[in-house]
Amino acid sequence: MHLPDGFLAPQLALALWALTAVIVGVALRRLAASREAGGATGRPILMGLVGAFIFAAQMFNFPVATGTSGHLLGGVLAGYLLGPWAGTIVMTTVIGVQALLFQDGGLLALGANIFNMGIIGTLGGTLIARALALALGGGRGARIAAAGIAGWLSVMAGAGITALQLGLSGTTDISVGLPAMLGVHVFIGVGEALITVAALTFIATTAPDLLGAEPVTHTSLARRVGAGAGATAIVISLATLFASTDPDGLNSVAQALGFTHVEAGAPFNLFAGYAIPGLDGAASTIIAALIGAAVIVGLILLLSRVAASRKGDA
Amino acid sequence: MSRAVPGGRDARAAVITALLVILAIALLPMGAYVAILLSWFVVITAGAYVGISPLRLARRGAIALPFLLAAVPVIFLRTDELLWSGTVGPLSFSISGAGLRIALTAVLKAWVSVQASIVLITYVDAPTIVTALRRMRLPDAIATSAGLTIRYLELLRDEAKRMLRARTARSASPVGVGRERIGGSIGWRARTTGNLVGSLFLRAYARAQRIEEAATSRGATGSLSVGTMPAADPRLAMKVIGVFLLALFLTLSGALLPRL
C-alpha cells in the first residue's frame, strides 16, 4: 500500500503532506501533554523500540491459501499498545524509515502514505476500536474483539483511500481501482485482524497490566457529537462526489415500461432532486445532503428529549 | 568505492537535493519523456558520483514497478485517442493512447524518483539523515523515535528471524508442501503467528525498560538530541540555491522539451 513517487498528482501529494503535518502536530502536542501528566505511553525510548518491533513483526506471516499469506501491518496494534497519539507517531516514524531506508514508498508521497496508514490506519483505527469496545461493553474480550474489527477496517479504509488518491491523480480509474484494491485487501485485512486479536490475547494473558496502560475512557458528549458530525460530513461529501447519476430501480423500471408520466407532482419543492435552488453542481447536492442529515439528527435528538421527559413524568 | 558523507557532517543539502529533484520529477507533465530522460541522467550522474553504476541503480529502481498494476487499467478504460479496439474471446476492449501515456509517465516518474532516493541513502547513512531532518526542525519526539527505531531494527529483526526458525521447526511454517507441513487450520496458524507477535512485543517492551533504566541512571532526559548535532554546513545556502536552480531547470525542461 506504500505509494511510490510519480503516482500522485504533485498538488494532491503536497496537500496530503500539509494535512498530515497538521494532524501529526496535534498528535505531538497530545503526546507532550500526556507526558507532562506522567503518562506511560509517550516515552521516547519505548516508542523507538515499538517502531523497531513493528518493523520486525511485519516479517511474521502465515499461509491463508495457495500463494497468499496473511501478515501484519500493525497500525491498530501499535495504537492499542501505546495509545492512539503515540501509536500515530510510531507509525509515522516507521513509514518514514521505510521510505528513507528501504525505498518502500516515495518521499513526495510520504505525506500520503503516513496519512493512509499512520493516520487513517492507526489513529482512526484505534479510535474506532475504542468506540467499538465501549459499545460492546468495555470488557477485555470486547476490547480485543474491537481491535480485530478495527484492524480489518483500518486496512480496508487505507486501501480505499489509496485508490481514491490514485483516481483523483488520474493514475487509475476509480471505478476499477477502488473495487480492485478493496478486493485484494479484504484478505489482507483478515490476516491483520486475526494476528492483532491473537497478539493482544497473548499480551493480555501474559502481561495484563500492559493493556491497562491506556484505559478505555468515556469522551464528552460534545466531542462525540463533533466526531460524528465530522464523519457524517466526510461520508456524505465522498458519497455525493462518486454517486451514480443513473435512475434508481423503480425509476428505471418506470422508464422501461413507460409509466413515468403517471407520477403526480409534489405539493411543495424544498430541495427537489437533492439540490439547493439556485446552486448547481456537486456543492449543491452536498449542501442539500448535509441539511437533510442535520434535520434527521435534529429530529432524533428532539424525540429522544421528548421520550426522556415523558419517562421522567411517568 | 562509495563516497558516503562521513558521520557527523551536516547532510541537509543532500536531503534538500533529493526532495527538490523528486518534486521536480513529480511536476513533469504527462508524456514529457525527454524531460524524464534528462532527469534520469541527472540522477545517474549523482549515482556515479556516490559510486553506484547506472545499471545497478536502474535495477534497484525496479522496486517501483509492481505499482504498474495500479496504472494498467487506465490504458484500457480511457476512451480517447484509441490505438486499437477489438474483441478477444467474449471480451471486448480497447487500448487508449492517452491512457498509455498516463500509465507510462507515472511508472517512469516512480522509477526515476526511487533511484533519487537510493542515491540519497547511499550518499548519507540513515542516522545522519535523521540528524539532518532534526536540524530542519523535525520534532524531537519523531527524531528520537526514528533514531532508536533504526538503532534497534536489526536486533529485533534477528529476534524475529530466530522465532520464525523455531516456528518452522514446530510445523507452522508458511512454506512447505501439503497440509502436514504447514500446521493446522488458518485460525490455528493465525493464532500461532499472533502469539509470536505478542511475544516479540513483550521482549521489545522489556528491552525498552532496561534501556530506559540505564539511560535514566546516566542522566538522560528521554531525547537523543542533546550534544549530537554536527556543525552546520557553511555553504548550505549556496548549495540550496544551486539545487533550486537545477530543479527549476528540470521543471522548465518538462514545459519546453517536446512531448509525445
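This is a predicted model: local features need pLDDT of at least 70, side-chain atom pairs count only at pLDDT 80 or more; totals for chains, interfaces and linings use all residues.
Chain A contains 11 helices and two strands. From the N terminus on, its elements follow the order α-α-β-β-α-α-α-α-α-α-α-α-α. Of the 314 residues of chain A, 42% count as buried.

Chain B holds 10 helices and two strands. Its pattern along the sequence is α-α-α-α-α-β-β-α-α-α-α-α. Buried residues make up 39% of the 260 residues in this chain. For contacts in chain B between residues at least 6 apart in sequence, 74% join residues at least 24 apart.

Within chain A, helix H1 (residues 10-36) packs against helix H4 (residues 84-102), with the axes 8 Å apart and at an angle of about 130 degrees. The crossing of H1(A) past H4(A) is left-handed. On the side of H1(A), the residues that take part are Val24(A), Ala27(A), Leu28(A), Arg30(A), Leu31(A) and Ser34(A), and they meet Trp85(A), Ala86(A), Thr88(A), Ile89(A) and Thr92(A) in H4(A). Sorted by class, this contact has seven nonpolar, three polar and one charged residues.

The contact between the two chains takes 62 residues from chain A and 68 residues from chain B. On the side of chain A that touches chain B, the elements that give two or more residues are H1, helix H2 (44-57), strand E1 (61-65), strand E2 (68-71), H4 and helix H7 (174-206). Of these, H2(A) gives the most, with 13 residues. The residues on this side of chain A divide into 43 nonpolar, 16 polar and three charged.

A helix pair that spans the two chains is formed by H2(A) and helix H8 (residues 140-169) of chain B, whose axes come within 6 Å and cross at roughly 45 degrees. This angle makes H2(A) oblique to H8(B). Here H2(A) passes H8(B) in a right-handed crossing. The residues of H2(A) in the contact are Pro44(A), Ile45(A), Met47(A), Gly48(A), Leu49(A), Gly51(A), Ala52(A), Phe53(A), Phe55(A), Ala56(A) and Ala57(A). Their partners in H8(B) include Ala141(B), Thr144(B), Leu148(B), Tyr152(B), Leu156(B), Arg157(B) and Glu159(B). By class, the contact of H2(A) with H8(B) has 15 nonpolar, six polar and two charged residues.

The two strands of chain B, E1 (residues 82-88) and E2 (residues 91-96), pair in the antiparallel sense over six bridges. In this pairing, Leu82(B) has Ser96(B) in E2(B) as its bridge partner. E1(B) and E2(B) form a hairpin with two residues between them. In the turn, Gly89(B) has a positive phi of about 65 degrees.

Two loop residues of chain B were also examined. Pro29(B) lies in the loop between helix H1 (12-27) and helix H2 (33-50) of chain B. Pro29(B) is exposed because 11 other C-beta atoms lie within 10 Å, and a residue counts as exposed with 12 or fewer. When residues up to four places away in sequence are not counted, Pro29(B) touches Gly254(B) and Arg259(B). Pro29(B) is also 77 residues apart in sequence from Ala106(B), while the C-alpha atoms of the two are 9.9 Å apart in space.

Gly219(B) is placed in the loop between helix H9 (186-217) and helix H10 (236-256) of chain B. Gly219(B) is likewise exposed, because 7 other C-beta atoms are found within 10 Å. Gly219(B) and Arg162(B) are 57 residues apart along the chain, and their C-alpha atoms are separated by 34 Å.

Note on methods
Residues are numbered from 1 along each chain as its sequence is written. Chains are lettered from A and ligands numbered from 1 in the order in which they are written. Axes are lines fitted to C-alpha atoms, for helices over the stretch in contact, and angles run from 0 to 180 degrees between N-to-C directions. Helices (H or I, at least four residues) and strands (E, at least two) are DSSP runs, numbered from the N terminus. A crossing is left-handed if the near helix is turned anticlockwise from the far one by less than a right angle, and right-handed if clockwise. Two residues are in contact if their C-beta atoms, placed from the backbone, lie within 7 Å. Ala, Val, Leu, Ile, Met, Phe, Trp, Tyr, Cys and Pro count as nonpolar, Asp, Glu, Lys and Arg as charged, and the others, Gly among them, as polar. A residue is buried if 20 or more other C-beta atoms lie within 10 Å of its own, exposed if 12 or fewer, and partly exposed in between; C-beta atoms are placed from the backbone. Angles under 35 degrees count as roughly parallel, over 145 as roughly antiparallel, 65 to 115 as roughly perpendicular and the rest as oblique. Two strands pair if DSSP finds at least two bridges between them.
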